[in-house]
Amino acid sequence: PGGLLKADAGCGGSVEAVQSAQPVFGAMGRRVVHMGKAGSGQAAKLCNNLACAVEMAAIREALALGAAVGLDPKQLTDVFNSSSARCWSSDAYNPCPGVMEGVPSSSDYNGGFGAHLMLKDLRLGLQIAEGAGRPAHMAHLASELYAQVVESHTAATPPLDFSSIYRVIYGGEEAKNKEEAEEDANGGDIGAG
């Protein structure tokens, strides 16, 4: 923890100490932002991940709603990315399978940043919000959703990326396909078996 924000790394201390450690930080990522005293880098990381978690949940919800009313997720993502909904979750880490290659949603939500880690950061963010006397309504809602994602995990499967909220909470395309396959296997009755 500290006063430097660099990817997922942070450290604190004087400007001189940060400057002397620049070669180490340079090997860890592309940009160093000295945030100030010890603990500031950790607080910045938690604020960043809080915003990312809420943003991802919103993009997933919008994509799932679009799919439910017959919109193609790729086309809807194109609309987002050329409109006011454009954000990292839509244009660099899309949660909908088949929309983007090279992201966890394209590999059954394996790899990436685990939902359990995002939940941990959300809970820590909620603690600092409480300590600062600041409301965090969206973070509370996102925390509840990510808790459901984490609870859906079993010991027999690897932890899923935090973008798996698309499938776990909103049903996503994969859950829809699974339901249709079960319906076909049971002669049209999902509950049969």
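Buried means under 20% relative accessible area, exposed means over 50%, and partly exposed lies in between, with a 1.4 Å probe and protein chains only. This is a predicted model, in which local features need pLDDT of at least 70 and side-chain atom pairs count only at pLDDT 80 or more, while totals for chains, interfaces and linings use all residues. Residues are numbered from 1 along each chain as its sequence is written, and side-chain values use heavy atoms, with hydrogens and water left out.

**Overall make-up and confidence**

- The protein chain has 9 helices and 2 strands, where helices (H or I, at least four residues) and strands (E, at least two) are DSSP runs numbered from the N terminus.
- Read from the N terminus, the order of the elements is β-α-α-β-α-α-α-α-α-α-α.
- Of the 193 residues of the protein chain, 35% count as buried, and the chain exposes about 10700 Å², of which carbon and sulfur atoms supply 55%; accessible areas come from the Shrake-Rupley method with a 1.4 Å probe, and for residues only the protein chains shown count as cover.
- The average pLDDT (the predictor's confidence in each residue, from 0 to 100) is 83 for the protein chain, and 82% of the residues score at least 70.
- Confidence is highest in helix 4, at a mean of 97, and lowest in strand 1 (residues 4-5), at 42.
- Over residues 1-6 the pLDDT stays under 50, although the model has 48 contacts beyond four places in sequence for them, a contact being heavy atoms within 4.5 Å.
- Among contacts between residues at least 6 apart in sequence, 60% join residues at least 24 apart.

**Aromatic residues**

- A pair of aromatic rings is described by the distance of the centres and the angle of the planes.
- A search of the whole structure finds 4 aromatic pairs, for which rings of Phe, Tyr and Trp (its six-membered ring) must have centres within 6.5 Å, and planes under 30 degrees apart count as stacked, over 60 as edge-to-face and the rest as tilted.
- Tyr93 and Phe162 are stacked, because their ring centres are 5.7 Å apart and their planes stand at 20°.
- This pair links distant parts of the chain, 69 residues apart, with Tyr93 in the loop between helix 5 (88-91) and helix 6 (115-132) and Phe162 in the loop between helix 7 (137-151) and helix 8 (165-168).
- Tyr93 is buried, with a relative accessible area of 13%, and Phe162 is also buried, at 2% relative accessibility.
- Tyr146 and Phe162 form a tilted pair, 6.3 Å centre to centre with 40° between the planes, and Tyr146 lies in helix 7, 16 residues apart from Phe162.
- One aromatic cluster is formed by Trp88, Tyr93, Phe113, Tyr146 and Phe162.

**Leu119 and its contacts**

- Leu119 lies in helix 6 and counts as buried, because its relative accessibility is 5%.
- Leaving aside neighbours within four places in sequence, Leu119 is in contact with Ser143, Tyr146, Ala147 and Val150.
- Leu119 and Val150 are 31 residues apart in sequence and 8.0 Å apart in space, C-alpha to C-alpha.

**A nonpolar surface patch**

- Leu65, Val69 and Leu71 make a nonpolar surface patch of about 300 Å².
- Patches are made of residues with over 30% relative accessible area and no salt bridge, with like charges joined within 9 Å and nonpolar side chains (Val, Leu, Ile, Met, Phe, Trp, Tyr) within 5 Å; a salt bridge is a side-chain nitrogen of Lys or Arg within 4 Å of a carboxyl oxygen of Asp or Glu.
- Leu71 lies in the loop between helix 3 (40-68) and helix 4 (73-81), and counts as partly exposed because its relative accessibility is 43%.
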